[in-house]
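Please find below a short note on the model under review.

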Amino acid sequence: MSLRVLGIDPGLRTTGFGLIDVQGQHLSYVASGTISTTALSQGDLPARLKVLFEGIQEVVQRYGPAQAAVEIVFVNVNPQSTLLLGQARGACISALVSNGLAVAEYTALQMKQAVVGHGRAQKSQVQEMVRRLLRLPGLPGPDAADALGIAITHAHAGQSMHRLAQTTSLTRKSSGMYRAGRSR
């Protein structure tokens, strides 16, 4: 039985998406692309977030993934950019959750280690390995390649986590929760 996985590389200007089918260890390319907000005014954040939200919803409705994974973004240079990127990521996650999908999260380091073999891989190396792993005729764009890389990472790590969850009790400890204000 085949499992369809959607990977997302969130960005406020360009969000990459990639879909693969997973059957055992076999990966098959389904689709990939980008959702762009560059045609909108940089100052119109709500409109840009709406484009991302609706774009992700359209991808989910068109391709019907069973699982989704999103890259965890870290930008330390400019705090304002980090906040804006976090809002773009939130719009993407909200679109996935509103369609009933559970969302797994992976860092760029985890994705690069899973796809290329080391966490400091260049974008061009990620593109080439994604091309090879999915037997594509050409290189995917950098944002689509990262999204496909996230999907590939989830295809491998997600299966391991599922097996681990079946054999052990993975429950959240109360020490990691807020002491007040959060219902249990």
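Predicted model: local features only at pLDDT ≥ 70, side-chain atom pairs only at ≥ 80, totals over all residues.

1. The strands form an open sheet of 5 strands in the order β3-β2-β1-β4-β5, and their pairing is mixed. Strands β3 (26–36) and β5 (103–107) stand at the edges with a single partner strand each, so one side of each is left without a neighbour in the sheet. On average, neighbouring strands of this sheet are turned by 20° against each other, direction ignored.

2. Within this sheet, strand β1 (residues 3–9) pairs with strand β4 (residues 67–72) in the parallel sense, over 4 bridges. Leu6 has Ala68 in β4 as its bridge partner.

3. Helix α1 (residues 45–63) packs on the sheet, where it touches β1, β2 (14–23) and β3. The direction of helix α1 makes about 150° with that of β3. Helix α3 (residues 108–115), for its part, lies across β4 and β5 and runs at about 85° to β5.

4. Gly7 belongs to strand β1. Is Gly7 buried or exposed? With a relative accessible area of 0%, Gly7 is buried, because the cut-off for that term is under 20%.

5. Leaving aside residues up to four places away in sequence, Gly7 touches Gly16, Phe17, Gly18, Ala69, Ala147, Ile150 and Ala151.

Terms used: Residues numbered from 1 in each chain as written. Heavy atoms only, no water. Pairing = 2+ DSSP bridges. Helix = DSSP H or I, 4+ residues; strand = E, 2+ residues; numbered from the N terminus. Axes fitted to C-alpha atoms, helices over the stretch in contact; angles between N-to-C directions. Contact = heavy atoms within 4.5 Å. Buried < 20%, exposed > 50% of the residue type's maximum accessible area, 1.4 Å probe, protein only.
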